[in-house]
Number of protein chains: 2
Amino acid sequence: MTKIIVSAPGKLMLLGEHAVVYGQPCLVTAVGQRMKATVELTDEAVFQLDAPDVKVEGYKKPMSELGQGDIPKGAKFVEMAIKNFFNRHPGRLVKDLGVKITTQSEFSSQFGFGSSSASTVCVLKALSEITGASLDNKSIFDLAFKTVIDIQGKGSGFDVAAAVFGGTLYFIKGGKVIEPLNIDSLPLIIGYTGIKFDTVALINEVAKKAEKYPEVIDNIYQQIGKLVEQAKKAILSKDWASVGELMNFDEGYLASLGV
Amino acid sequence: MTKIIVSAPGKLMLLGEHAVVYGQPCLVTAVGQRMKATVELTDEAVFQLDAPDVKVEGYKKPMSELGQGDIPKGAKFVEMAIKNFFNRHPGRLVKDLGVKITTQSEFSSQFGFGSSSASTVCVLKALSEITGASLDNKSIFDLAFKTVIDIQGKGSGFDVAAAVFGGTLYFIKGGKVIEPLNIDSLPLIIGYTGIKFDTVALINEVAKKAEKYPEVIDNIYQQIGKLVEQAKKAILSKDWASVGELMNFDEGYLASLGV
């Protein structure tokens, strides 16, 4: 097999945003729109990427230089994912083998549905299959999360988990807990404000506040964690009114953080 | 002396709104706009009120019927204040004595500056002087707070305290603590949304939430209380940037409560 097409869903944070970075649990769900990646092994030791959704077209680089030099923003996650995959599984790297990838998304990278994480997961899953490494989901998660951290320096991995496992998850940072919740679907209407924030910049801003008001911020994280525990129960018992009320409390805490 | 003019300032809650009803401290300040009351003793045992700001004009009632029957909204606080004053100080009630009051406000009763409390305080202070009872400020506060509770059933009295004592106060419900903060002025710009809420309805709404989520709500009150303690220190050291930051946290908590 030299060509494979894989897809992974976008994610939507339900409850626990931001606090998840500091070890609190969160609830995240996969959405019905997907990122698709076509991955081919080629005979030339070159990495090629076409990701028109993020304005990367005809991007090429020797396999030996993966992760080096200036990388266009839209290519970073895919390129680092390939690098991490072969670093972790060097036996799968055939000499003079190249990788050609085309990604295509059902959702805009502007929507905050986690397009970077979804494309990272697609590429890792594709390489896992195409090279015969056959990694399990947790191993895919670990490699994808490492890739995100390599690039962003920060994050919790909840978006990666949603892309790998799908469904609705109770999640703790780094995949310490990834617990699928046994529900078919969520009766949600999603509104889009049109505003996409820079996650890392927001994390840094709150971290600055936490230096000045450590107890205030720490308490907010703990309270968000408690809301998540209550919402998990409410979701499992399909008590949607309570889920909504708990989300409203959460929004206030997030407003308090300035997030 | 049969005629006296007194005035009391409007109030602005700085920090601690709502949680103050549940025993947490708050910070409240008097504003530079005042309620004015002209109070006369008359020879006829009739209560007369002109309060054009709240559309009460030519309102009359025998002194013996104070507090009875249907009372126009705009007359309630003044009428109950007179009743409470003479109930508490019956020796000051001369037979066939009447009270004629005209109130006039520098601020609209729509502004949430506490016009009801300010007019209550004005009337009590005027009666205290005009009858020679010469109550001290704490006694005026106690009678005015009782009047508010008689009418609303609920409240903390912070607006009454601002009207009685002026300046900027650290306050705990019912006047358990009324601590003037030694600062000349506050560098504040006040915006007005145009929206005036029904305080009692809001209190009841949050109380309903507290029944379902007691720990969530209780924690929010406690955290607001902690913000107040920090803001008190920040105000005393004129650290206005911190006061603003603490207010921002507070706004989030209030949003969380739905207030």
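At what angle do the axes of helix H1 (residues 76-88) of chain A and helix H3 (residues 137-152) of chain A cross? The legends below begin with that pair. This is a predicted model, in which local features need pLDDT of at least 70, side-chain atom pairs count only at pLDDT 80 or more, and totals for chains, interfaces and linings use all residues. Residues are numbered from 1 along each chain as its sequence is written, chains are lettered from A and ligands numbered from 1 in the order in which they are written, and side-chain values use heavy atoms, with hydrogens and water left out.

**View 1. Crossing of H1(A) and H3(A).** The two axes cross at roughly 125° and come within 9 Å. H1(A) is therefore oblique to H3(A) (angles under 35 degrees count as roughly parallel, over 145 as roughly antiparallel, 65 to 115 as roughly perpendicular and the rest as oblique). Axes are lines fitted to C-alpha atoms, for helices over the stretch in contact, and angles run from 0 to 180 degrees between N-to-C directions. Helices (H or I, at least four residues) and strands (E, at least two) are DSSP runs, numbered from the N terminus. The crossing is right-handed (the near helix is turned clockwise from the far one by less than a right angle). Residues of H1(A) in contact (heavy atoms within 4.5 Å) with H3(A) include Phe77(A), Met80(A) and Phe85(A); among those on the H3(A) side are Leu143(A), Val148(A) and Ile151(A). By class, the contact has 7 nonpolar, 3 polar and 4 charged residues (Ala, Val, Leu, Ile, Met, Phe, Trp, Tyr, Cys and Pro count as nonpolar, Asp, Glu, Lys and Arg as charged, and the others, Gly among them, as polar).

**View 2. Crossing of H3(B) and H4(B).** The axes of H3 (residues 137-152) and H4 (residues 158-165) of chain B come within 9 Å and cross at roughly 145°, and the crossing is right-handed. Phe141(B) and Phe145(B) are among the H3(B) residues in the contact, and Val160(B) and Phe165(B) among those of H4(B). This contact has 9 nonpolar, 1 polar and 1 charged residues.

**View 3. Hairpin of S6(B) and S7(B).** Strands S6 (residues 168-172) and S7 (residues 177-181) of chain B run antiparallel and are joined by 5 bridges (strands pair if DSSP finds at least two bridges between them). Leu169(B) has Pro180(B) as its bridge partner in S7(B). Of the 4 residues between the strands, Gly174(B) takes a positive phi near 75°.
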